[in-house]
Amino acid sequence: MSFMLICVQTAEAMYHSRFSLTVDNENNQIETELRSQLRPEVFQDFTARYKSEPRGLFHCSNGLVLAPSLVDEVTLIVKLCNHFKVPIIPFGGGTGLVGGQIYQGDRKPVIVSFHKMTKIRQVCGIENIITAEAGCTLELLQTEAANNNRVFPLSIVSKGSCQIGGNLATNAGGIHVIRYGNMRDLCLGIEAVLPTGKVLNGLSTLRKNNLGLDLKSLLIGSEGILGLITAATLKLFHKNRSISIAMLGLNGLPEAIRLLELFQNHFGQWISAFELISQTSFDFLLADGFIDRHPFKKPTKWYVLVELGTESEINLDDKLINGVALAQDQGIIVDGIFANSEKQRINLWRIRENIPEANRHKGSVVSNDISIPIASIPEFMTRTNRQLDQIGGLIINCFGHLGDGNLHYNVFAKEQQSAHYSERTKVKIRTIINDNVDSLSGSIAAEHGTGRLHSSYLHSHGDRAMVESIRTIKAGLDPNNIMNPGAIISFND
């Protein structure tokens, strides 16, 4: 080995040693400062829930977990982290599926858990608004709305554990987007702590406010890279007085699109949900005991679960039956099941809600959360299925929110051999799916966000003006790159 090479290696070792000592020193300093200024109960154990996300794709080996209960405590944490340039990772219910809540860098991050910030600050019936702190679970917020004879319409399976701050940070969607929109559409105002430690006091109840820029819309969906959401003012709605639900067997996937158009023309804003279910979903549900028998005597390849709702006293059951009869006359529908009681409504929805859990039991090779222009969905399915058939040994379970074009297109092994597929094959599968999504002007991140899972894809495939704008905004608001670094976009890309 040459003398020069030895010198270079020695210099590199000394640099990394000094860097490690500097990082350790900064971590010790900030922890000392935090412990001197925060209540002891703010400090939490670094337990398993902070080390990995639900799919086990991302892991964090170390972190200082803080659980503030006051905005002033969040402000202090952010100011100190900004001073010492220590990464801050916001942590809500931990249900995110794209790795946004799991730090991947070399530093020891400060993980800010919001599970103690759960207050409902205000409910106003005349304004139809509710103001809740970031750590309030979706289920708790919905219960409070119900206690005030109102509803908050966001509906996702993880409602018992997901938190409002996380719902906003990822712009969550769910089954009722077709009628009520995403979280961005349901939010009137936001309180957030910015990277400098300044508080954005934006808890407006106004539905019309064009003074300045709409910063809340910038923070919604930003996954904590621009600031920490601490509270929000959200829209409430009157309860539906009439509800009608049916599960319908279809002649094919194109017929699902035809049915959606027919029902939109027939029912308009009464459509609260329009969910696509495949026969493969029923196969999985039956195999794992989620249902005892198939609800249809003559199964078809595709089904939809449709829900109508209105705040008026209208007999929607008769109207839905008439709409189904019209669709049947046009050769769209093969068979249908109507819910005649609350119990039957719950049972039909339970079929749809159990599909993700049945998928987890099966164990996917590749899972996807994609959005496709609705009219292009049959073309996407035909093209993608044909290309994946060439790989062999795969089975597709596609289901989701057809009414807004959001599909969960999940790929499984036919013979329970998902672990035997190489990473190279998985990359090939993802590439086929992503390329087809791109070619049809869709999105590979429909409602779960970008996180760390899709950040490299955004950099390589995203619109250049958008990517550069994100980087500029991030650098301007967070020049020290402390806010969830690595999520959505790398600061140094």
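Start with the crossing of H8 and H10: it is right-handed, meaning the near helix is turned clockwise from the far one by less than a right angle. This is a predicted model, where local features need pLDDT of at least 70, side-chain atom pairs count only at pLDDT 80 or more, and totals for chains, interfaces and linings use all residues. Residues are numbered from 1 along each chain as its sequence is written, and side-chain values use heavy atoms, with hydrogens and water left out.

H8 covers residues 253–267 and H10 covers 316–329. Both are DSSP runs (H or I, at least four residues), numbered from the N terminus. Their axes come within 11 Å and cross at roughly 140 degrees. Axes are lines fitted to C-alpha atoms over the stretch in contact, and angles run from 0 to 180 degrees between N-to-C directions. So the pair is oblique; under 35 degrees is roughly parallel, over 145 roughly antiparallel, 65 to 115 roughly perpendicular, the rest oblique.

Who touches whom? H8 brings Leu259, Leu262, Phe263, His266 and Phe267. H10 brings Lys319, Leu320, Gly323, Val324, Leu326 and Ala327. Contact means heavy atoms within 4.5 Å.

Now the second pair. H13 (residues 377–389) packs on H14 (residues 423–439) at about 155 degrees, axes 10 Å apart. That makes H13 roughly antiparallel to H14. This crossing is right-handed too. On the H13 side, Phe380, Arg383, Thr384, Gln387 and Leu388 take part. They meet Ile429, Ile432, Ile433, Asn436, Val437 and Ser439 of H14.

Last, back to Leu259. Leaving out residues up to four places away in sequence, Leu259 touches Leu248, Leu250, Phe274, Val304, Ala327, Ile332 and Ile333.

Methods. Helices (H or I, at least four residues) and strands (E, at least two) are DSSP runs, numbered from the N terminus.
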